[in-house]
Amino acid sequence: MPIPRIVFIVFLFTFFFFLRLPRFESANHDYSDALSKCIMFFEGQRSGFLPNDQRITWRANSGLSDGSQRSVDLTGGYYDAGDNVKFGFPMAFTTTMLAWSVIEFGDSMPAAERRNALAAIRWGADYLLKTVSHPGRIFVQVGDPIVDHNCWERPEDMDTARTVYTVEAPNPASDVAGETAAAFAASSMAFRSSDPGYSETLLRNAVSVFQYADNYRGAYSDNADIREGVCPFYCDFDGYQDELLWGAAWLRRASKDDSYLNYIENNGKTLGAEDNINEFGWDNKHAGLNVLVSKEYLEGNMYSLQSYKVSADSFMCTLIPESSSSHIEYTPGGLIYKPGGSNLQHATSIAFLLLSYANYLAGTSQSVDCGNVSVGPSSLRRQAKRQIDYILGDNPLTISYMVGYSNHYPRKIHHRGSSLPAIKDHPEFIPCKGGSVYFNSSDPNPNVLVGAVVGGPGEDDSYDDDRVDFRKSEPTTYINAPLVGALAYFAANPDLS
């Protein structure tokens with residue numbers, strides 16, 4: 001009996017569909033090892049006086065005069081990526097995400113790694129406290145990025161301009177101030193049990209810096225004297241409104257103060273809570289905001305917050321390939337992909353949101369209605385696991401995009417400190433242009449920046465180990481920060497099917 005035409009067509013479609021699925025061997029990953037290394041990375045990004053228990057020992061003290069231009073102490077904090085500038089906007093987001101990682105998944109962390117994660121949070125929060133220590137003034141950045149980027153030198157050798165960029169009332173900085181408020185509020189929760197005094201200090205500062213954000217509305221990069229220093233690197237491209245809601249949402253969660261609940265209820269529409277819901281990163285907080293606020297809706301039947309839950313559900317549905325509303329782009333190998341460089345920031349932040357939302361749904365025995373399919377916590381967790389496993393080596397090139405994890409990882413990352421000889425090995429000063437020979441070298445970096453996750457592959461899963469290609473080979477703190485939480489979850493739940 002001949003096969004009916006329609007059956008044959010369905011057979012061919014199914015056959016070729018499965019041929020197109022990515023096929024590469026899945027490893028049994030050591031998530032605990034990856035978690036340890038992911039946290040250790042932040043020690044390689046430290047600025048200021050390094051402590052005695054510093055584990056990345058090829059680094060040394062740097063930026064010890066930061067703030068002297070304004071007669072203030074702005075030592076400490078993190079270099080955001082492979083350069084030697086301290087950008088306040090992404091540093092605050094990094095601190096928020098490290099703190100959220102501990103709040104959400106800290107109970108899954110081994111005690112030693114929880115302590116290391118708290119140390120990473122404190123390093124960022126201590127610096128941010130310095131940036132708001134003068135009422136009516138916020139120090140948003142240290143270092144002239146144009147001058148810095150024209151040099152290839154170790155942070156320990158820095159002789160470039162350590163320009164201090166400052167916003168003073170009534171000039172606006174809602175984005176940086178709102179994110180800093182979120183960082184303080186989240187960090188106050190992370191330290192509540194281990195250091196209640198520090199937790200109270202952080203929460204108190206969160207309240208005051210949020211008042212600045214709300215009272216003087218606008219983007220920090222709209223200030224003429226700031227714009228030339230922060231753009232195009234960390235301009236506010238997506239507006240400041242999301243940071244106002246984000247900061248208020250974290251203050252609500254940390255303080256339980258109803259005034260912040262009223263703020264996110266009453267300002268959601270006017271501040272665009274339902275706009276750009278499919279983004280989450282240092283500049284755009286919408287998807288993270290919706291997930292964060294949905295927790296209170298799910299657990300307390302707060303119907304006034306339902307619009308945030310609807311937006312969070314919609315975001316989750318865009319990530320599920322089986323959903324009729326799926327429209328997130330993936331590489332052929334299965335990695336979430338968004339154009340613009342440093343792509344793995346999207347994979348790690350979205351994986352974090354998938355796992356957090358899965359927790360909130362599981363805690364209330366709920367699922368997400370994606371129209372043609374109902375999506376439960378297990379499905380969200382599997383989707384997150386695909387992203388994390390891809391980063392760790394389950395990809396067409398079988399390369400780990402985390403430095404120091406496995407035997408096959410990037411050796412020529414775009415990072416000044418890693419690519420130049422360590423002070424202890426080469427104590428002589430290396431000037432601004434003196435590092436060019438190392439930048440242009442085809443040799444692997446002499447110092448392994450353990451745990452650094454690079455920008456990652458292109459839309460076709462291709463990756464060349466090339467120091468010059470910063471869009472792919474440069475690590476950033478905001479790639480690693482949400483990854484801490486995701487790895488903590490999988491370290492405790494490695495056999496998720």
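Me: Where is Glu168 placed?
Reply: Glu168 is in strand β3, residues 164-168; strands are DSSP runs of E, at least two residues, and helices are runs of H or I, at least four, numbered from the N terminus. This is a predicted model, where local features need pLDDT of at least 70, side-chain atom pairs count only at pLDDT 80 or more, and totals for chains, interfaces and linings use all residues. Residues are numbered from 1 along each chain as its sequence is written, and side-chain values use heavy atoms, leaving out hydrogens and water.

Me: What is Glu168 in contact with, neighbours within four places in sequence aside?
Reply: Arg70, Gly136, Arg137 and Tyr212, where contact means heavy atoms within 4.5 Å.

Me: How exposed is Glu168?
Reply: Partly, with a relative accessible area of 34%. Buried is under 20%, exposed over 50%, and partly exposed in between, with a 1.4 Å probe and protein chains only.

Me: Switching to α11. How many of its 15 residues are buried?
Reply: 12 of the 15, so α11 is largely enclosed by the rest of the structure.

Me: What covers them?
Reply: The cover of the buried residues includes α3 (88-105), α9 (241-255), α10 (258-266), α12 (306-319) and α13 (344-363).
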